[in-house]
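Here is a short briefing on strand pairing and backbone angles. Please read it alongside the structure.

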Amino acid sequence: MDNTGKHVKVHYIGTLDDGTVFDSSRERDEPLAFVCMAGQMIPGFDKAVVNMEIGETRTVRLEPEDAYGQPSDDAIQRIPINALPGAEKLSVGAEVALQGPDGIPHHATVIEMTDSDIVFDMNHPLAGKPLNFEITLLEAE
């Protein structure tokens with residue numbers, strides 16, 4: 001079955017190699033809906049679902065290149081504290097959403113603070129990590 005371009009619904013459990021669950025639609029009892037191969041998902045997830053049959057369960061391991069990629073130094077941003085209202089209240093380790101030039105919020109973690117600057121790591125928290133998914137295809141229309 002080719003699910004390219006179809007509206008699909010899946011249940012999934014995502015784990016790290018040590019077995020830690022990082023996300024699960026099953027725990028939320030809320031299937032994930034997306035258009036298969038439309039670029040809405042990480043590439044390896046799309047590739048896993050594209051040829052699945054309804055009711056099939058598949059377990060896949062995705063290397064970082066098929067998931068969130070490798071961490072990039074370009075995603076480390078130093079910003080003057082006075083350019084971000086309220087930034088002085090943050091501390092190292094704080095997670096925030098920063099709006100990018102594209103208007104889309106981006107996850108960021110404070111990794112350094114000085115009296116004048118704050119440094120954010122805007123890499124995805126799962127960048128550089130292999131991911132494991134157990135995926136069950138529920139619908140494909």
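Aspartate 29 counts as exposed, because its relative accessibility is 62% (buried is under 20% relative accessible area, exposed over 50%, partly exposed in between, with a 1.4 Å probe and protein chains only). This is a predicted model: local features need pLDDT of at least 70, side-chain atom pairs count only at pLDDT 80 or more, and totals for chains, interfaces and linings use all residues. Residues are numbered from 1 along each chain as its sequence is written, and side-chain values use heavy atoms, with hydrogens and water left out.

**Positive phi**

- Most residues other than glycine have a negative phi.
- Aspartate 29 has a positive phi, near 55 degrees.
- Aspartate 29 sits in the loop between helix 1 (25–28) and strand 3 (32–35). Helices (H or I, at least four residues) and strands (E, at least two) are DSSP runs, numbered from the N terminus.
- Methionine 37 is not a glycine either, yet its phi is positive at about 70 degrees.
- The loop between strand 3 and helix 2 (43–49) holds methionine 37.
- Methionine 37 is partly exposed, with a relative accessible area of 40%.

**Strand pairing**

- Strand 5 (residues 76–80) pairs antiparallel with strand 8 (residues 117–121) over 5 bridges. Two strands pair if DSSP finds at least two bridges between them.
- Strand 7 (residues 105–113) also runs antiparallel to strand 8, joined by 4 bridges.
- A hairpin of 3 residues links strand 7 to strand 8.

**Bridge partners in strand 8**

- Phenylalanine 120 is the bridge partner of glutamine 77.
- Phenylalanine 120 is also the bridge partner of valine 110.
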